[in-house]
Amino acid sequence: LANRLSYFLWSSMPDETLFDLAARGKLRHADVLREQVERMLVDPKSAAFIEHFTDRWLRLDKIGSMPPDVKRYRDYYTEDLDVAMKQESHMFFGYILKHNLDIATFIDSDFTFANRGLAKLYGMSPLGDAELVKVAITDRRRGGLLGQASVLTATANGIDTSPVIRGVWVLENLLGTPPSPPPPDVEPLAPDLRGATTIREQLAKHREMASCNDCHAKIDPMGFALENFGPIGEWRDTYYRQRNPIDASAQFPDGARYRDITEFKTQLMRHQNLVAPNLAKKLLEYGTGRIMEVTDRGTLDKITESVSAKGNGLRDLVHAVVQSEPFRTK
């Protein structure tokens, strides 16, 4: 347990305090375990947890694997935006954790962290330093993870964007409701796309295939809302070298509609109850090194119920995960 706790929050072996508590059999006491989690979270070594877990949860490891065009995105390189993007998400997660903010803050927020390069990318008031600082968000399109360049870059390929890829990301990593994998005999896009000139028209034709419609009815509305964000998260009103305005509206399977990213996030807040169980699952998998099974569903329910009763804070969620039976015994 001392090893698991230490590698979970510090990514390193236990210190003398943890070894001593383990040797005396006290680490399994709930109050002692809580004290140790608090002690470890305020230690600078907890930066490893914030960085590594955030990267794994949000799939930020993909940033840099498909770098954008040098001529088109010169600032990406001159301002080291690939580094700043990750730092923004790390600091955002760390702030929510430190202050035990509501997990729903990941969906929408009135703050983020930015430096000179990110402020320019986001169209914010200019910042004169390469160091990231906490800034207020006055443009609601940028609040939460879905407005952050890291997530938007990790779900693009450096050249263009796909509502499908981004929609799957939202379902898998934010809501915890991943779609079924596509049938093995189905092409990524329907072979007959004659007359389909936009990605929206292409996907409409794709959904005409019965085997594709069920999943795409769930995926596509999650991705269309993000189409105003380009390959590195810049705002765009039209696609590259096109004139027609981007249509970022869609309808969910339950009939609810949205017109843009701000209305989309309003709709997501209606389903914020899905974020906590998914985050609990991700934390347990990260902390235990195993995939959660159907038999763990009861544990996840207990964790999220207890956290919800306290205000749905992220720090409370970490405590609940550590106190859970799978973390302590399996």
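Which residues in helix 14 meet which residues in helix 15? From helix 14, they are Ile-303, Ser-306, Val-307 and Lys-310. From helix 15, they are Asp-316, Leu-317, Ala-320 and Val-321. Contact here means heavy atoms within 4.5 Å. That set divides into five nonpolar, one polar and two charged residues. Nonpolar covers Ala, Val, Leu, Ile, Met, Phe, Trp, Tyr, Cys and Pro; charged covers Asp, Glu, Lys and Arg; the others, Gly among them, are polar.

A word on the source. This is a predicted model, where local features need pLDDT of at least 70, side-chain atom pairs count only at pLDDT 80 or more, and totals for chains, interfaces and linings use all residues. Residues are numbered from 1 along each chain as its sequence is written, and side-chain values use heavy atoms, with hydrogens and water left out.

Now the geometry. Helix 14 spans residues 297–310, and helix 15 spans 314–323. Helices are DSSP runs (H or I, at least four residues), numbered from the N terminus. The two axes come within 9 Å and cross at roughly 145°. Axes are lines fitted to C-alpha atoms over the stretch in contact, with angles from 0 to 180 degrees between N-to-C directions.

Next, the loop between these helices. Asn-312 sits there. Its phi is positive, about 65°, although Asn-312 is not a glycine. Asn-312 counts as buried, at 13% relative accessibility.

Asp-80 lies in the loop between helix 5 (74–78) and helix 6 (81–98). Its phi is also positive, near 50°. Asp-80 is partly exposed, at 46% relative accessible area. The cut-offs: buried is under 20%, exposed over 50%, partly exposed in between, with a 1.4 Å probe and protein chains only.

Note on methods: Helices (H or I, at least four residues) and strands (E, at least two) are DSSP runs, numbered from the N terminus.
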